[in-house]
Amino acid sequence: MASGVVLSTTDDASGLLSAAAVRDRCGIVLAAAEYGETRHFRLVMPQLEEAVRRVVEITRRRYPDLDVPYHSRWQHFSAGGVDRAVEVAPGADPGEAARARIDLAVISVLIDAGAGVRWRFHEVKTGQILSRSEGLAVASLRAMQAGLFSTDPAEPWRADAAALSQITPDALARALQHAADNELAGIEGRAALLRRVGEVCAACPAAFGTAARPGNLYDCWAARREALTAPKILRTLLQALGPIWPGRINLAGVPLGDCGRHPAVPGDGLVPFHKLSQWLTYSLVEPLEAAGLPVAEIDRLTGLAEYRNGGLFIDCGVLEPCDPGIFQRALDALSEPVVEWRALTVALLDRLASGVRERLGKTAEEFPLARVLEGGSWAAGREIAHERRPDGAPPLTIISDGTLF
């Protein structure tokens with residue numbers, strides 16, 4: 001029987017707010033699958049070599065010199081070969097530039113929860129038509145440039161609590177070009193999430209300052225004497241922004257955010273993923289380091305439990321559904337089959353990374369997980385999805401409220 005260390009007491013609730021808990025508990029689900037004890041997916045481990053082959057091939061194609069950046073939102077801001085990051089807060093000093101970039105990263109990542117297959121964003125400045133994550137990235141940048149998230153018309157490159165807490169679905173829909181013939185899934189949920197971000201920032205001046213903006217986290221981290229690490233950034237984000245997540249599991253009054261339940265995990269059965277929060281942590285490394293705050297221990301974060309990485313494993317045959325009918329059903333994002341799929345995805349990404357490094361002749365230090373993801377597993381998942389399905393949709397249909405996937 002698969003087993004593992006399980007935190008179950010009231011005082012241990014905060015222990016789930018970490019990448020270590022994600023890795024540990026997803027590993028329990030993988031062990032159960034290796035014993036044949038999972039209900040929804042079977043492991044076909046020989047097929048992992050096909051996933052490795054695909055990731056290595058696309059990595060070499062995208063980055064021939066293997067100089068792969070970390071997986072982060074900032075790569076999406078360069079969609080279509082345009083370096084839009086240089087447009088953020090022009091002329092600002094390093095500290096204010098960091099705050100503006102953190103503001104942008106927080107907003108952009110939090111609305112990046114799956115765009116649906118039909119939505120497109122037409123960028124007026126370049127004439128480019130972008131979709132999915134790249135489209136949402138560029139749309140969020142242009143919305144910030146237009147001042148949607150700022151109460152000060154003279155300072156559009158900021159996201160302050162007063163503006164965020166007043167975001168309406170209509171205003172966000174206009175900025176993201178959501179319409180009846182260009183539907184963006186979960187627009188109501190995305191707007192509500194941003195409003196809650198504003199409320200949390202206003203309620204916590206110790207973290208977000210009197211100006212109450214996500215970017216003021218830079219000042220908190222800059223004032224610390226100890227080294228800044230990715231796990232510390234993630235914990236800060238999970239603790240400070242925990243209340244923004246709607247209708248999720250609370251344990252002893254602690255909001256657990258992106259967390260589901262799976263019977264393979266003994267005790268409380270909880271399996272944390274923290275997909276958007278880890279995606280945000282990866283995306284804060286670049287602006288923090290540009291401002292002179294190096295970030296250590298990035299490889300202690302996990303892979304991201306989302307549909308491109310997860311789709312890679314299904315489409316390559318590493319994960320085989322016990323019931324093929326699962327492909328014809330729309331699944332709730334917190335349902336057991338989806339939790340199982342996501343948990344197996346996270347655990348398998350660590351194994352995939354080892355195989356990719358071996359093929360590339362790289363060490364874990366030279367080619368950490370963040371580079372495998374960017375090189376990478378995410379792009380390979382998207383590519384194989386387009387090979388398998390004309391619209392490039394993921395293999396499973398997930399009911400999204402715009403705040404998870």
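Which residues in α14 meet which residues in α15? This report takes up that contact first, then turns to the rest of the chain. The model is a predicted one.

## Where α14 meets α15

From α14, the residues are L349, D350, L352, A353, V356 and R357. They meet L369, V372, L373 and S377 in α15. Sorted by class, this contact has seven nonpolar, one polar and two charged residues.

Two packed helices are described by the angle between their axes and the distance between the axes. Helix α14 spans residues 336–360. Its axis and that of α15 come within 10 Å. They cross at roughly 80°. An angle of 65 to 115 degrees counts as roughly perpendicular, so α14 and α15 are roughly perpendicular to each other.

## The chain as a whole

The protein chain has 405 residues. Its secondary structure comes to 15 helices and twelve strands. The C-alpha atoms fill a box of roughly 60 × 50 × 45 Å, taken along the principal axes. How does the radius of gyration of the protein chain agree with that of a compact globule? A compact globule with 405 residues would have a value near 22 Å. The protein chain has 20 Å, which agrees.

Of the 405 residues, 60% count as buried.

Helix α4 covers residues 94–110, and helix α12 covers residues 275–290. Their axes come within 9 Å and cross at roughly 155°. Angles over 145 degrees count as roughly antiparallel, so α4 is roughly antiparallel to α12. The crossing in which α4 passes α12 is right-handed.

Which residues make this contact? On α4 they are A98, R101, I102, A105, V106, V109 and L110. On α12 they are L276, W279, L280, S283, L284, P287 and L288. By class, the contact has twelve nonpolar, one polar and one charged residues.

I102 is found in helix α4. Is I102 buried or exposed? Its relative accessible area is 0%. Buried means under 20%, so I102 is buried.

What does I102 touch, leaving out residues up to four places away in sequence? The list is P214, G215, Y218, L284 and L288. Two of these, L284 and L288, belong to the α12 side of the helix contact. I102 and L217 are 115 residues apart along the chain. Their C-alpha atoms are separated by 8.1 Å.

## Backbone exceptions

Most residues other than glycine have a negative phi, and most peptide bonds are trans. Which residues are joined by a cis peptide bond? They are G375 and G376, with omega at about 10°. G376 has its place in helix α15, which spans residues 369–388.

Q177 has a positive phi, near 60°, and is a residue other than glycine. It sits in the loop between α7 (169–175) and α8 (187–203). Its relative accessible area is 27%, so Q177 is partly exposed.

E297, a residue other than glycine, has a positive phi near 60°. E297 is found in the loop between β9 (295–296) and α13 (307–315). With a relative accessible area of 37%, E297 is partly exposed.

Definitions and conventions
Residues numbered from 1 in each chain as written. Predicted model: local features only at pLDDT ≥ 70, side-chain atom pairs only at ≥ 80, totals over all residues. Heavy atoms only, no water. Axes fitted to C-alpha atoms, helices over the stretch in contact; angles between N-to-C directions. Helix = DSSP H or I, 4+ residues; strand = E, 2+ residues; numbered from the N terminus. Parallel < 35°, antiparallel > 145°, perpendicular 65-115°, else oblique. Left-handed = near helix turned anticlockwise from the far one by under 90°. Contact = heavy atoms within 4.5 Å. Nonpolar A, V, L, I, M, F, W, Y, C, P; charged D, E, K, R; others polar. Rg over C-alpha atoms; globule rule 2.2 N^0.38 Å. Buried < 20%, exposed > 50% of the residue type's maximum accessible area, 1.4 Å probe, protein only.
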